[in-house]
Amino acid sequence: MANGTPDELKRKSEYGGAVLFSVRGATAAQLSERLSRIPNVRKAAIIKEEDGEIWARVYPGARGVPSRNGELVRNVLAAANGWPVQEIRTEEGRLDEVFRNFTLPEALNAAKGQGQ
């Protein structure tokens, strides 16, 4: 199915290299608009809004290609300029997600074959 070290496989995860962060003082619409302007981003999502704090995740443009020298982190911080950043971190990929991505299509095809 897949060969590689755990680190190589984690880079194939949707979450590999994503930036998870929280800010205060912004609305979800304001933050989403700024995040949409960051170059080389596959997608950005508001994860949670609670007690005036907004959590968001920004995914790098290409899966498995880490941002160069923290470029994505710098771009996220620039987009959040003017709002206090409460927390920020770069995420590792998730092996369970990589496993599901490799095995789910095969399991669905097997189920379709049994249903015929």
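Which residue forms a salt bridge with Arg-89?

**View 1. A salt bridge joins Glu-87 and Arg-89.** The partner is Glu-87, and the closest N and O atoms are 2.2 Å apart. A salt bridge here is a side-chain nitrogen of Lys or Arg within 4 Å of a carboxyl oxygen of Asp or Glu. Glu-87 is partly exposed at 33% relative accessible area. Arg-89 is partly exposed too, at 39%. (Buried means under 20% relative accessible area, exposed over 50%, partly exposed in between; 1.4 Å probe, protein chains only.) The model is predicted: local features need pLDDT of at least 70, side-chain atom pairs count only at pLDDT 80 or more, and totals for chains, interfaces and linings use all residues. Residues are numbered from 1 along each chain as its sequence is written, and side-chain values use heavy atoms, without hydrogens and water.

**View 2. Arg-57 and Glu-91 form a salt bridge.** The N to O distance is 2.6 Å. Arg-57 sits in strand S3 (residues 53-60) and Glu-91 in the loop between S4 and helix H4 (95-115), so the pair ties together parts 34 residues apart in sequence. Helices (H or I, at least four residues) and strands (E, at least two) are DSSP runs, numbered from the N terminus. Both residues, Arg-57 and Glu-91, are buried.

**View 3. Arg-37 meets Glu-33 in a salt bridge.** N to O, the pair spans 2.7 Å. Arg-37 is exposed, with a relative accessible area of 55%. Glu-33 is partly exposed, at 39%. The structure holds three salt bridges.
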